[in-house]
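Good morning. Please have a look at it first.

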Amino acid sequence: MSRIAVIGTGYVGLTTGAYLAHLGHSVVCADVVESKVERLNRGEIPIVEAGLEELVQDGLASGRLSFMLGAGGAVPGADFVFLCLPTPQGADGAADLSFVISAAKEIGPALEPAAVVINKSTVPVGSAMQVTLALGRGDVFVVSNPEFLREGSAVADCLNPDRIVIGGDDDDAVDRVAGLYAKIDAPVVRTDAASAEMIKYAANAFLATKLSFVNAVATVCERVGANVDDVLNGMGHDHRIGFEFLSPGPGWGGSCFPKDTAALVRIAADHGYDFGFLKGAIAANEAQFDHVADKIARVAGGSVAGKTIAVLGLTFKAGTDDRRDSPSIAIVDRLLAAGANVVAYDPAVASHPGVTTTADAYDAARGADVLAILTEWPEFAQLDYAKIRELMAQPCVVDGRNLLDPAAMAEAGFMYEDLGRWTSKAGGGVAPILSGSELGRFGRRAA
Ligand code: UGA
């Protein structure tokens, strides 16, 4: 059992702390917000995250997990200190390291000799050195151990990671950090600190690029009359491509991809490389927000001005209450700017500026001209769409997550638009650009 301090109880810090306590370590988590610390010590967690509350409560009950105010007090006695602090996007695209550096300055004097300070936050390449300088100690070690958990499945991702990446210049410190995860059956990638920091950016940028590519393929499918489901199925069987992270959507968002892709573009530029390819993936994502907003306008009759648009889902994905850089919000903002009246329902969101929120999806649909599904909450697939059709002013649905069955929606009498599944046109949606005979040349199946 190791004694561990975790600085910062955001998504990553809270999950990391609870998970390390679950692995048998003694963990003190520190935060600067007193009310949050009090709530956490009562076992109440401030976010929607499957399984996390139970993990925190188990940790508290076992006596291995506790929360306290301020980083300085958590560090004495700790063999390991995890820095889990926000690294928001600065004005120039670069990650803002100031929270990490000021915490390092605060804890430096209180660290035990030979303690290992671990960067879990996504930090620019070279940050391990900056943290070392900020600690002001020659007798402690700094190691990079990036986190790859996803919101919504954070606990499961921690317990069953694809890999554990540990980077540092001192082999013994790297081995000690690897020892914390001895109970986890996953490959451990040992590297230098800069490479570990780069792995995190490269992984997120690659995944974001994959999604921009998939979304672009869906748009081309719409144009040529191909069915993106079939196309992705045919691609995914190639094990080099795989089926995961291959679902078209209204664009990618959340607290990580937008800031990390911008930061990597900036890191590259600072070192004389124009990462135009990644800039293209970011621009394609913005274009995807426009694409979905344009679809909504088209089915609304050309413009959303004065129209009521029911939006299902405001969070950046299902399973979370997080709206940071949510594609849904980006699209809602476009609709509002174009003069729409937006009524929204999200199971995890009580209110949102500029938008009327409702207690359920049916209330949102009542009187709406278009219903747009923008987050893939599974319950949206289970709604009674016959009832929704009755409630709406116009039976028009834009499915920005390809959640519903196009044929069933057409049968239910909807004008139904999705992303690249041409069978959706059966509902009387916007016609593909090619004529029927031209489409025949692409071997499209009968609807
Ligand atoms: C992402 C990474 O997946 C994690 O590995 C990483 O640890 C995390 O960022 C981070 O850096 O902290 P997360 O932001 O929680 O995790 O969300 P994802 O599940 O990756 O989804 C990101 C966006 O892509 C969402 O808007 C989601 O709706 C979208 N997405 C995802 C799709 O449109 N299609 C897909 O097939 C998958």
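The crossing of helix 1 and helix 3 is left-handed. Keep in mind that this is a predicted model.

How do we describe a pair like that? Two packed helices are described by the angle between their axes and the distance between the axes. For helix 1, residues 11–22, and helix 3, residues 52–62, the angle is about 50° and the axes are 9 Å apart. Helix 1 and helix 3 are therefore oblique to each other.

Which residues make that contact? From helix 1 we have Leu14, Thr15, Ala18, Tyr19 and His22, and they meet Leu52, Leu55 and Val56 of helix 3. Six of these contact residues are nonpolar, two are polar and none is charged.

The second pair is helix 11, residues 257–270, with helix 12, residues 276–299. Here the packing angle is about 155°, with the axes 9 Å apart. An angle over 145 degrees counts as roughly antiparallel, so helix 11 and helix 12 are roughly antiparallel to each other. Their crossing is left-handed. On the helix 11 side, Thr261, Ala262, Leu264 and Val265 meet Leu278, Lys279 and Ile282 of helix 12. That contact has five nonpolar residues, one polar and one charged.

Now the ligand. There are 19 residues around it, and Leu149, Glu151, Lys200, Asn204 and Arg401 come nearest. A polar backbone atom of Phe148 is 2.8 Å from an oxygen atom of the ligand. For Glu147, a backbone N or O atom lies 3.4 Å from a ligand oxygen. Ser247 has a polar backbone atom 2.9 Å from a nitrogen atom of the ligand.

Definitions and conventions: Residues numbered from 1 in each chain as written. Predicted model: local features only at pLDDT ≥ 70, side-chain atom pairs only at ≥ 80, totals over all residues. Heavy atoms only, no water. Axes fitted to C-alpha atoms, helices over the stretch in contact; angles between N-to-C directions. Helix = DSSP H or I, 4+ residues; strand = E, 2+ residues; numbered from the N terminus. Parallel < 35°, antiparallel > 145°, perpendicular 65-115°, else oblique. Left-handed = near helix turned anticlockwise from the far one by under 90°. Contact = heavy atoms within 4.5 Å. Nonpolar A, V, L, I, M, F, W, Y, C, P; charged D, E, K, R; others polar. Near = heavy atom within 4 Å. Polar contact = N/O pair within 3.5 Å; in protein donor to acceptor, adjacent residues only side chain to side chain.
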